[in-house]
Amino acid sequence: VKWRRPCERLIAAGFRMWAQCRPLVLRPRPGLWIPARGRKSRTDPPAKSKADRLRVPTPVDPAELLVVKERYQQQVAIIGALRAEFKEEMLRKRYEEEVGSLAAERAKVEAEEHQKLMAFNNLENERLRKIREERLRQEAVEEQEQKLKAAIHREKKREEFLKEKELEVLQLQEAVKNFITLENLDERIEEALDNPKNYNFAIDKEGRFMRRTVKHSAVRNPPGTAMPSPPE
């Protein structure tokens, strides 16, 4: 029986591969499966006519079995050799990359690339430094111009304020001449009595002056004297 096991394993493996590679379209759906005539489930007991039947092993040709075993051993040996060769090549590449000549070459390339990047970085820093200095210089010039304009504006405002105050002082000086003081009090009283002004009048809706009859003093306004006109 032992000499049949490798053949049976190969057959079983081939059957499993065939079952897995079958198209999914050919597989029936579990819900739509209709059992064929004569089939029964796993839980059904064997038929009465086959109750005492013993399965006879499938006869195997010894020559065919020998060829199959030999080919199987050859396949195992070839696959093992290919795997070992691929593994050795992979380990060799890894060793060369880590500690071999490729590692030194890679370190040299990385050092050269680092030097190039540092040189580019220095050039870029120098370019940006010049741009920054130019920008700061322009900002300083603009700030000075703004300060000068602000100072000129403040000086102009100050001069306008002084001129306005000087004009107010001159106006007050002119107005002081008409002020009533102790020295000109009698003179201003005589002038007011000689030139009376009548403010007893009315205006209409259009702003015109409407005269009224006013009773004046007999001393300063004798009968027949014309009434003074209202002030403009």
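Which residues gather in a patch of positive charge on the surface? The patch consists of Lys40, Lys50, Arg53 and Arg55.

## Basis of the model

This is a predicted model, in which local features need pLDDT of at least 70 and side-chain atom pairs count only at pLDDT 80 or more, while totals for chains, interfaces and linings use all residues. Residues are numbered from 1 along each chain as its sequence is written, and side-chain values use heavy atoms, with hydrogens and water left out.

## Overall architecture

The protein has four helices and two strands, arranged along the sequence in the pattern α-α-α-α-β-β. Helices (H or I, at least four residues) and strands (E, at least two) are DSSP runs, numbered from the N terminus. Of the 232 residues in the protein, 4% are buried. Here buried means under 20% relative accessible area, exposed over 50%, and partly exposed in between (1.4 Å probe, protein chains only).

## Surface patches

Lysine 50 is exposed, at 53% relative accessible area. Patches are made of residues with over 30% relative accessible area and no salt bridge; like charges are joined within 9 Å, and nonpolar side chains (Val, Leu, Ile, Met, Phe, Trp, Tyr) within 5 Å. Lys and Arg count as positive and Asp and Glu as negative, whereas His and the chain ends are not counted. The place of a charge is taken as NZ of Lys, CZ of Arg, CG of Asp or CD of Glu.

A nonpolar surface patch of about 490 Å² is formed by Ile180, Leu182, Leu185, Ile189 and Leu193. Accessible areas come from the Shrake-Rupley method with a 1.4 Å probe, and for residues only the protein chains shown count as cover.

## The loop between α3 and α4

Asparagine 184 is also placed in a loop, the one between α3 (101–176) and α4 (185–194). Asparagine 184 is buried, its relative accessible area being 16%. Polar atoms of the asparagine 184 side chain lie 3.2 Å from the backbone oxygen of phenylalanine 179 and 2.6 Å from the backbone nitrogen of threonine 181. A polar contact is a pair of N or O atoms within 3.5 Å; within protein, one must be able to donate a hydrogen and the other to accept it, and residues adjacent in sequence count only if both atoms are side-chain atoms.

## Salt bridges

Side chains of opposite charge can pair when their charged atoms come close. The structure holds 14 salt bridges, each a side-chain nitrogen of Lys or Arg within 4 Å of a carboxyl oxygen of Asp or Glu. In one of them, arginine 129 pairs with glutamate 126, with the closest N and O atoms 2.2 Å apart. Both residues belong to helix α3 and are three residues apart, about one turn of the helix. Arginine 129 is partly exposed at 30% relative accessible area, and glutamate 126 is partly exposed at 34%. A network of salt bridges links Glu126, Arg129 and Glu133.

Lysine 165 and glutamate 168 form a salt bridge through their side chains (3.7 Å, N to O). Lysine 165 and glutamate 168 are separated by about one helical turn because they are three residues apart in helix α3. Lysine 165 is partly exposed, with a relative accessible area of 35%, and glutamate 168 is partly exposed at 35% relative accessibility. Another salt bridge joins the side chains of arginine 208 and glutamate 206 (3.7 Å, N to O); both arginine 208 and glutamate 206 are exposed.
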